[in-house]
Amino acid sequence: MITNEYPDIEFRQFLDIHGNLLQALPEHLDNRDQLLDIYQVLVTTRLFDEIAVNLQRTGMLGTYAQSMGQEAIGTAIGKEMLANDVFIPYYRDVATQIQRGVLLEEILLYWGGDERGSCFSQQAKDFPLCVPIATQFCHAIGVAFALKQQSQGSVAVVTGGDGATSKGDFYEALNIAGAMSLPCLFVINNNQWAISVPIQQQTASKTIAHKAYAAGITAIQIDGNDPIAMLVGVKQALQQIRQTGKPFFIEAISYRICNHTTADDASRYMQQSLLDEAIQKEPLLRYKKFLEQQYQWNEKDDKKLYKKCQQKVDRAVNKYKNTKPQDSAEFFDYMYQDLPNDLAEQKQDFLEGLKRHE
Amino acid sequence: MNELTMIEAINLALRNQMRADSSVFIFGEDVGANGGVFRATEGLQNEFGKHRVFDTPLAESAIIGMSIGMASQALKPIAEIQFMGFIYPAVDQILNHAARLRNRTRGRLSCPLVVRVPFGGGIHAPEHHSESTESIFAHIPGLRVVIPSSPARAYGLLIAAIQDPDPVIFLEPKRIYRDGKQAIEDDGAPLPLDTCFVLREGIDISLISWGAMIKETLEAAALLAKRGIDVEVIDLATIKPLDITSIIDSVKKTGRCIIVHEAAKTCGLGAEISALLAEKSITSLLAPIQRVTGYDTVMPMFKNEQSYMPSAQRIIQAAIKAMEYQ
């Protein structure tokens with residue numbers, strides 16, 4: 001019988017599920033203010049998620065894709081990227097986006113069905129989030145190509161879910177990034193589920209990281225529920241890309257302790273016992289324990305921080321609710337730089353139709 | 001001024017824009033050392049280097065997806081898809097992203113890319129190498145779809161496509177890549193992407209066509225002239241957005257309209273033109289609109305491809321029918 005032996009992929013962890021340090025904290029992270037700053041992003045993302053779901057349930061938002069339980073991944077990416085890098089997200093990336101200048105009220109606008117939510121007022125180059133699965137990986141290699149020409153040392157950072165790694169665009173992008181040596185960081189949020197299909201049914205690959213190995217790209221696995229391991233891993237990956245110009249791949253292992261979106265009911269397919277187990281490992285709980293053990297963090301501090309984050313989220317919700325609707329004919333105006341005659345005629349028809357209804 | 005074939009004119013336009021604008025990049029399968037399977041990019045890698053003219057791995061979706069990423073960051077990508085029959089994996093990227101990026105971001109990001117694609121039948125190519133599916137792309141909001149029918153128009157329209165701020169699908173009728181030469185001055189002058197071209201004026205029938213079918217259409221027009229039927233020939237050139245005004249002006253004059261295209265009949269662009277004429281100018285018609293097109297069949301393999309393709313004879317028959325209609 002012929003068999004293949006594949007190399008083991010390195011698995012990174014700093015905190016166990018009880019928040020104990022498994023190895024020494026890197027010097028650059030041993031800074032209480034900085035660690036609290038990270039905690040703030042984790043908590044803000046969690047609170048934003050909760051409020052977005054509530055807004056959806058009360059009819060004030062459309063379908064929303066949560067990132068509950070996966071906040072450590074986006075927090076680390078946003079923390080470690082530089083301003084000149086470009087972020088190409090999928091759709092569970094609130095934690096990264098808010099650190100890159102995307103406003104919470106813009107994220108609400110987007111999920112509230114308003115295109116202006118992707119017209120980031122404080123962020124010129126990052127991509128809007130990407131609904132068609134895996135297509136974003138191909139954009140990322142194009143961005144990486146452009147950065148290589150324009151801004152040596154900058155990196156295109158792209159995210160996707162485990163389901164996306166079954167698609168052709170994923171393989172095509174990895175293959176080209178490897179073949180053309182493009183400065184691109186791929187981060188897969190392996191949250192174990194593609195809507196209702198578990199990772200065991202998605203692939204027979206030993207790990208998702210092995211898929212990158214096949215494309216000649218350095219790949220590691222990181223405990224995606226471990227904020228410290230994510231921060232260290234993303235930092236190293238970005239440094240290595242800046243130095244070598246070559247792509248890098250991170251499989252971050254997390255768990256989707258929520259529905260796929262607000263339109264989904266995970267209880268139809270996800271066993272309660274699996275969910276209970278995953279909740280024990282989730283990143284916010286773990287990080288809080290770590291802060292308690294290492295930095296004398298207490299309940300009172302925690303409440304204060306939650307309150308501060310909640311206020312930030314509430315302010316964004318207010319801004320969202322007070323945003324004036326866009327002009328109803330605006331959807332004609334951005335199809336082309338200049339409105340072509342045929343479309344101008346259709347816009348005119350639309351406007352006349354409105355008048356007749358008045 | 002040099003006398004050039006269409007493929008040489010395309011090469012010249014690419015060269016012109018590569019010289020004029022350092023943000024232009026050309027890539028695709030076999031476009032580098034090989035100069036493209038039809039030689040459209042011949043010599044360009046030598047002149048501009050491997051970083052600006054390069055071969056990609058064989059992956060159509062990623063070629064277009066990558067173009068989108070590049071275009072979003074102020075580069076000007078010109079991607080070649082080797083044959084139209086292989087563009088379909090990339091339709092996801094074209095439809096879901098290239099055509100939408102400006103709108104999705106309310107103009108914050110845009111997608112000024114060009115996708116060059118040889119298309120159409122008549123060169124005895126293998127299976128999947130001969131289809132004309134331009135109307136699929138014309139149906140997608142946010143795109144421009146441009147099809148030249150002569151060397152000079154290929155030059156000017158391609159320059160315009162490269163300078164356009166939005167995504168352009170540039171479909172090259174490969175049957176006429178080397179069918180005759182025209183004098184072309186390499187002046188970098190673009191042709192308009194929002195008007196048709198009247199190739200021959202006439203008062204009896206408006207023949208509307210584009211791409212390689214212009215050849216049969218002009219042939220038919222010349223033969224019809226001998227029978228005393230004076231036809232006007234209009235080359236759409238830009239099929240999306242469509243310059244219906246010029247078509248209406250012509251039909252108002254002639255009262256008769258025949259649309260000629262190689263693509264399958266149902267939902268082909270002829271249907272759109274007929275509908276627009278019916279909506280906007282039905283009272284100028286003296287005879288029913290006719291469509292002389294390919295059939296709603298798979299494009300036959302090359303032994304029988306001529307049976308599928310509209311001929312000058314079919315156009316002439318339709319013209320006579322239009323003139324005899326009472």
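Colleague: Which strands does helix α3 of chain B lie across, and how does the helix run relative to β4(B)?

Modeller: Helix α3(B), residues 60–72, lies across β2 (24–28), β4 (76–80) and β5 (114–119) of chain B, and its direction is at about 170° to β4(B). Contact here means C-beta atoms, placed from the backbone, within 7 Å, and angles run from 0 to 180 degrees between the N-to-C directions of axes fitted to C-alpha atoms, for helices over the stretch in contact. The elements themselves are DSSP runs numbered from the N terminus, helices being H or I with at least four residues and strands E with at least two. This is a predicted model, in which local features need pLDDT of at least 70 and side-chain atom pairs count only at pLDDT 80 or more, while totals for chains, interfaces and linings use all residues. Residues are numbered from 1 along each chain as its sequence is written, and chains are lettered from A and ligands numbered from 1 in the order in which they are written.

Colleague: What makes β3 and β12 of chain B the edges of their sheet?

Modeller: The sheet is open, with seven strands in the order β3-β2-β4-β5-β7-β6-β12 (chain B) and mixed pairing. Both β3 (53–55) and β12 (238–240) have a single partner strand, so one side of each is left without a neighbour in the sheet. Direction ignored, neighbouring strands are turned by 20° against each other on average.

Colleague: How do you know that β6(B) and β12(B) pair?

Modeller: Pairing requires at least two bridges found by DSSP, and β6(B), residues 144–146, is joined to β12(B) by two bridges in the antiparallel sense. B:Val146 has B:Thr238 as its bridge partner in β12(B).

Colleague: What kind of peptide bond joins B:Lys240 and B:Pro241?

Modeller: That bond is cis, with omega at about -5°, and B:Pro241 sits in the loop between β12 and α9 (244–254) of chain B. Most peptide bonds are trans.

Colleague: How do α9(B) and α10(B) stand to each other?

Modeller: Their axes come within 11 Å and cross at roughly 65°, and the two helices are therefore roughly perpendicular to each other. Their crossing is right-handed. Among the contact residues are B:Ile247, B:Ile248 and B:Val251 of α9(B) and B:Ile273, B:Leu276 and B:Leu277 of α10(B), and by class the contact has seven nonpolar, one polar and two charged residues.

Colleague: Of which hand is the crossover from β13(B) to β14(B)?

Modeller: Strands β13 (257–261) and β14 (290–293) of chain B pair in the parallel sense over four bridges, with B:Gln290 as the bridge partner of B:Ile258. Between them the chain passes through helix α10(B), residues 269–281, and this β-α-β crossover is right-handed: with the strands pointing away from the viewer, the path from the first strand over the helix to the second runs clockwise.

Colleague: Which are the edge strands of the sheet in chain A?

Modeller: That open sheet has six strands in the order β1-β7-β8-β4-β3-β2, with parallel pairing. Its edge strands are β1 (11–12) and β2 (86–88) of chain A, each pairing on one side only. Two bridges join β1(A) to the parallel β7(A), residues 218–223.

Colleague: How many residues does each chain bring to the contact between the chains?

Modeller: Chain A gives 35 residues and chain B gives 34 residues. On the side of chain A, α5(A) supplies the largest share, 11 residues, and the classes are 19 nonpolar, 10 polar and six charged.

Note on methods
Two residues are in contact if their C-beta atoms, placed from the backbone, lie within 7 Å. Ala, Val, Leu, Ile, Met, Phe, Trp, Tyr, Cys and Pro count as nonpolar, Asp, Glu, Lys and Arg as charged, and the others, Gly among them, as polar. Angles under 35 degrees count as roughly parallel, over 145 as roughly antiparallel, 65 to 115 as roughly perpendicular and the rest as oblique. A crossing is left-handed if the near helix is turned anticlockwise from the far one by less than a right angle, and right-handed if clockwise.
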